[in-house]
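Look at the sequence and the model that follow.

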Amino acid sequence: MVVALLVLSSAGTGTAAAADGPSVKLSKSQAGTGGSITVAGEGWRARALLMILICGQSVPSRGVVGGTNSCANADGRAVTTDAEGRFSRKLPVAEPPVPCPCVVHVATVEGAKAEADASFQVAGHAVEPLPAEPSGGRLSVLTDTRLDGSSGLLTWFGAPPARTLVFTVGNVGTSAVKNPVFQVGTSHGVFAPQWEEQQWRGTIQPGRKARIELPVELTGGAHGDYTVALKYGGKVLAEQPWGVGRPWGVTLFWVLVFLVVPAAVFRAGMAVVDRVRPRRAGGARGGRRRGLRMPELAFSLPELPKFPGLPGMTSSSAQPPPSTSTLPWFTPDADPGTAGRLPAPHDDSPTRPASPTTPTRKGAT
């Protein structure tokens with residue numbers, strides 16, 4: 001009950017602001033499901049893309065304890081700031097998956113990390129106390145995080161990109177922290193990070209610091225803009241952008257596949273056709289025939305008729321004898337040049353004297 005009163009008292013202002021940082025202001029400090037509120041902000045980076053969510057189990061002093069898993073992600077809204085870093089966006093009221101106290105959480109999607117929270121109460125939603133903060137040692141990031149390493153030749157062909165997340169933490173608590181377990185998450189675009197627990201072996205005494213190195217690896221073929229987040233004790237400590245180049249080797253491989261494989265299949269098919277087709281006679285001794293020789297044909301045009309008495313014309317008696325045709329399919333007897341001509345009549349019987357018994361006409365002398 002005391003926690004609920006504190007939440008309502010802090011939600012009365014409906015404003016969350018950090019010194020020299022971005023701020024968020026709500027048109028209402030309380031609303032029920034199905035309604036809407038107007039979220040306004042200033043002090044943000046110009047032309048920055050922001051995500052607005054209603055999250056449970058959170059207060060501005062501690063942030064979103066459960067991460068975006070405790071937010072109503074399906075009913076969130078995106079907004080882009082103007083040239084002066086201001087924005088205003090209407091947000092539908094939805095119940096988060098965990099009990100209140102709740103906040104309206106605004107955070108950048110790309111680029112440098114920035115976020116701000118404003119207390120908000122979802123009417124009719126359950127309210128439960130926040131989980132107790134871990135007593136004893138507490139870790140805080142003292143330096144900016146960085147990603148060490150580079151991509152090799154295998155990454156160019158689709159191997160998983162890998163880096164090492166390097167940062168320095170200090171123990172600001174009153175007891176030592178032994179073998180702390182961090183959560184490293186990678187996110188692409190507006191998707192929520194995929195968290196993976198990694199334990200660092202060592203002990204950090206109160207007031208001391210330590211350099212931490214944790215491996216980070218993406219899936220095979222990943223490319224684009226990624227964000228690596230570091231979480232400890234349920235709170236996000238730092239985020240680091242990571243630009244991954246496109247694996248052009250995979251594209252080159254598929255281009256070669258689509259060019260080489262059809263060519264190899266064509267060559268194999270032509271070899272099979274050349275082997276199974278029938279051979280011609282004499283091909284084994286004389287080799288394969290390159291072609292067939294056609295018989296040489298000689299054609300003669302018929303001569304024009306000669307008309308006697310015309311200038312430049314001679315008589316038909318002076319014409320040379322027609323030459324025989326050289327066409328191979330005509331015999332001398334069927335020569336077109338002699339068609340229509342008949343041989344002169346002649347008697348093949350032997351010459352002999354007239355018989356005395358041959359009758360003669362009367363009056364013949």
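What is the pairing when the bonded cysteines of the protein chain are numbered in sequence order? The pairing is 1-2, 3-4. This is a predicted model, in which local features need pLDDT of at least 70 and side-chain atom pairs count only at pLDDT 80 or more, while totals for chains, interfaces and linings use all residues. Residues are numbered from 1 along each chain as its sequence is written, and side-chain values use heavy atoms, with hydrogens and water left out.

A search of the whole structure finds two disulfides, a disulfide being a pair of cysteine sulfur atoms within 2.5 Å. In one of them, the sulfur atoms of Cys 55 and Cys 71 are 1.9 Å apart. The torsion about this S-S bond is about 95 degrees, so the disulfide of Cys 55 and Cys 71 is right-handed. Cys 55 lies in strand β5 and Cys 71 in the loop between β7 and β8, so the pair ties together parts that are 16 residues apart in sequence. Strands (E, at least two residues) and helices (H or I, at least four) are DSSP runs, numbered from the N terminus. Cys 55 is buried, at a relative accessible area of 0%; buried means under 20%, exposed over 50% and partly exposed in between, with a 1.4 Å probe and protein chains only. Cys 100 and Cys 102 form a disulfide with sulfur atoms 1.9 Å apart, and this link is left-handed, with -90 degrees about the S-S bond.

Next come the aromatic rings. The count is four aromatic pairs, where rings of Phe, Tyr and Trp (its six-membered ring) pair if their centres lie within 6.5 Å, and planes under 30 degrees apart count as stacked, over 60 as edge-to-face and the rest as tilted. The rings of Trp 44 and Phe 87 have centres 6.2 Å apart and planes at 70 degrees, so this pair is edge-to-face. Trp 44 is in the loop between β4 and β5 and Phe 87 in strand β9, 43 residues apart. Phe 87 is buried, with a relative accessible area of 6%. Phe 182 and Tyr 232 form a tilted pair, 5.3 Å centre to centre with 45 degrees between the planes. Together with Phe 167, these two residues form one aromatic cluster.

Last is the surface. Where does Val 255 lie? Val 255 lies in helix α3, and its 42% relative accessibility makes it partly exposed.
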